[in-house]
Amino acid sequence: MASAPHIAVIGGGSTGAGIARDLSMRGLDVTLVEQGNLTHGTTGRMHGLLHSGGRYAVSDRKSARECIEENRVLRDIASHCVEMTGGLFVKRPEDTEEYFEEKLRGCADCGIPAEVVSGEEARAMEPHLAKDVDKAISVPDGAVDPFRLVVANVASAMEHGARIETHSKVTDLLVEAGEVVGIEVEHASGPGKHVHGTEGGTEEIRADYVVNATGAWAGRIGEMAGLDVEVRPSKGVMTIMNSRQVDTVINRCRPKGDADIIVPHETTVILGTTDEEVSDPEDYPEEGWEVDMMIDTLSELVPMLAEARTIRSFWGVRPLYEPPDVGSTDPTDITRDYFLLDHEERDSVPGMTSIVGGKFTTYRMMGEEISDHVCAKFGVDADCRTAEVPLPGSEDFSVLRDYMDEFGLRSPIGRRSVERLGSRADEVLKTSGPNPTVCGCEAVTRAEVQDAIGGSGSDLNAVRIRTRASMGNCQGGFCCHRLASELHGNYDESVTRQAWDELLEERWKGQRHALWGEQLSQAMLNYALHATTQNRDHDPADGDGVDFAAFDAGPESTGEASRAGGSDTPGTGSGVATDGGTGDGD
């Protein structure tokens, strides 16, 4: 029997992970490569909305229909990643009745369940809504954990034989006789299981076919083979508040505009967003005024946001695609639909297809379509099963109720552990040793952390996206050192300290735009805990003696404000860069 075709999938976001799962379940040999951690790009910087399609029911009905279809699928196959919060499109006095009615008709035309509720009924659902909200449209929006969902897709792909390489950047496409025949990858080096195959160095991965699923980076991959993939990146800002001021997704019922959605997510809410086209998916301004505008505008819907504590902000880049002959000048006019670009048909370069555009909610549908496309290339007769087979952790979601009874999990900590783990709760939580809480804000216990370390090695940021540890109100101030201590016994001191520094750095990035009021006090406390009490800015493990006089005088006297090149801003004493990239999704 002939061996299965080998498919190289570039991109470890939701689309790439969904493609890897689908192809591997159909029996193909799959290698997925991602330049950073899983969800490194757009997926890790979304607002966590599981679309009902209501946001597009007026402007982009094809996308709206796709969203409600996949909304229903994800509720079934990814139940441990989804919270069905419901959604409200609320109308203020200055918002037009005409648009409200148009939204209602659009939902009906797209098959989106929608019901008109009065302002009083809306405030009964969400007591903190503004008192002058006239009425609202109720739709089946939800909240989804993108980190948990992507990890579950990758876990399923690995169960079906896929090879997953994170921290592995594609540096070139292998092109022979005008055909793409593989990829050249530069693997990161360093301690811990950052990659699952080659540790460090460059590797040529030969493949029968290459799928470019890199979203906003798709144009860069295309250029390696002389192909023009016309992605139009559009940046948006999201701001995370300190508590869950609403339990329902709140949308402003008006035509396109900035700052029009509030998404409850775990213990927080996420405010979004803006829509501004940029030329580079990695290099664009992050402006403080954008955060101010987000809070000021959305306080018109939920007034208590004006006085709430902001714990971090982050920017993401949408991978918008529009056929070249359309030529929209406003990114809000560009469709949220997705496109398959077969480069053999389009550019006479066989061996690769790019998938661009789309929404997080439709990632599985996108994976199914491109998997059908690839299978047709090789005459593989295998049906898609990703809409029916639950993801790992969602196989039997009644397990939540059962474990609440079996383990007596009435506390918030136990309840949230089981909610995160889903049907994996049994194998993770049934531990013979002590199981203390490591992250108090997000109620993450040692058992969960050790389970995540088993899958991600010493990479504490990978542990973070698997567990939410360090993503709560203190932003790691009270748990980063505890997470690092969980590496003890498996990794030596230098590995542990590096992992600790990397986690602190990632936690700092998103806080730079939230340093006022109580959050500034929190940043100072975090600095005191990690840089001072724990001596993270004068580490004797570096081999230098501790100059306590210089330490007392502050970092400027040593010329070492940050070993990673940052400033002496509070919170950066552990070698935390203040200029590196955007924050993550939460």
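Analyst: Proline 5 is found in the segment before strand S1 (6–10), where strands (E, at least two residues) and helices (H or I, at least four residues) are DSSP runs numbered from the N terminus. This is a predicted model, in which local features need pLDDT of at least 70 and side-chain atom pairs count only at pLDDT 80 or more, while totals for chains, interfaces and linings use all residues. Residues are numbered from 1 along each chain as its sequence is written, and side-chain values use heavy atoms, with hydrogens and water left out.

Is proline 5 buried or exposed? Its relative accessibility is 14%, so proline 5 counts as buried; the word buried stands for under 20% relative accessible area, exposed for over 50%, and partly exposed for what lies in between, with a 1.4 Å probe and protein chains only. Leaving aside neighbours within four places in sequence, proline 5 is in contact (heavy atoms within 4.5 Å) with Leu28, Asp29, Asp208, Phe378 and Val380. Proline 5 and valine 374 are separated by 369 residues in sequence, yet the distance from C-alpha to C-alpha is 9.6 Å. For the protein chain as a whole, among contacts between residues at least 6 apart in sequence, 72% join residues at least 24 apart. The chain has 586 residues, of which 59% are buried, and it holds 18 helices and 23 strands.

From this segment we can turn to pairs of helices. Helix H1 (residues 14–25) packs against helix H5 (residues 146–159) at an angle of about 25°, with their axes 8 Å apart; these axes are lines fitted to C-alpha atoms, for helices over the stretch in contact, and the angles run from 0 to 180 degrees between N-to-C directions. H1 is therefore roughly parallel to H5, given that angles under 35 degrees count as roughly parallel, over 145 as roughly antiparallel, 65 to 115 as roughly perpendicular and the rest as oblique. The crossing of H1 and H5 is left-handed, a word used if the near helix is turned anticlockwise from the far one by less than a right angle, with right-handed used if it is turned clockwise. On the H1 side the contact is made by Ser14, Ala17, Gly18, Ala20, Arg21, Ser24 and Met25, and on the H5 side by Val150, Asn153, Val154, Ser156 and Ala157. Sorted by class, the contact of H1 with H5 has six nonpolar, five polar and one charged residues; here Ala, Val, Leu, Ile, Met, Phe, Trp, Tyr, Cys and Pro count as nonpolar, Asp, Glu, Lys and Arg as charged, and the others, Gly among them, as polar.

Another pair is formed by helix H2 (residues 61–77) and helix H9 (residues 363–378), which pack at an angle of about 100° with their axes 8 Å apart. That angle makes H2 roughly perpendicular to H9. H2 brings Glu66, Glu69, Glu70, Val73, Leu74 and Ile77 to the contact, and H9 brings Tyr363, Arg364 and Met365. The residues of the contact of H2 with H9 divide into five nonpolar, no polar and four charged.

The nonpolar cores come next, a core being a set of buried Ala, Val, Leu, Ile, Met, Phe, Trp, Tyr and Cys residues joined through side-chain atoms within 4.5 Å. The largest nonpolar core has 30 residues, and Leu88, Val90, Ile250, Ile262, Leu271, Leu298 and Leu305 are those with the most contacts inside it. Among the elements that give two or more residues to this core are strand S5 (87–91) and helix H7 (288–298), and H7 gives the most, with four residues. A second, separate core has 29 residues, including Val150, Val154, Ile164 and Tyr209. Val150 and Val154 also take part in the contact of H5 with H1.

Last come two details of the backbone. Most residues other than glycine have a negative phi, and most peptide bonds are trans. Threonine 39, which lies in the loop between strand S2 (29–33) and strand S3 (49–50), has a positive phi of about 70° although it is not a glycine, and at 5% relative accessibility threonine 39 counts as buried. Glycine 272 and threonine 273 are joined by a cis peptide bond, with omega about -20°.
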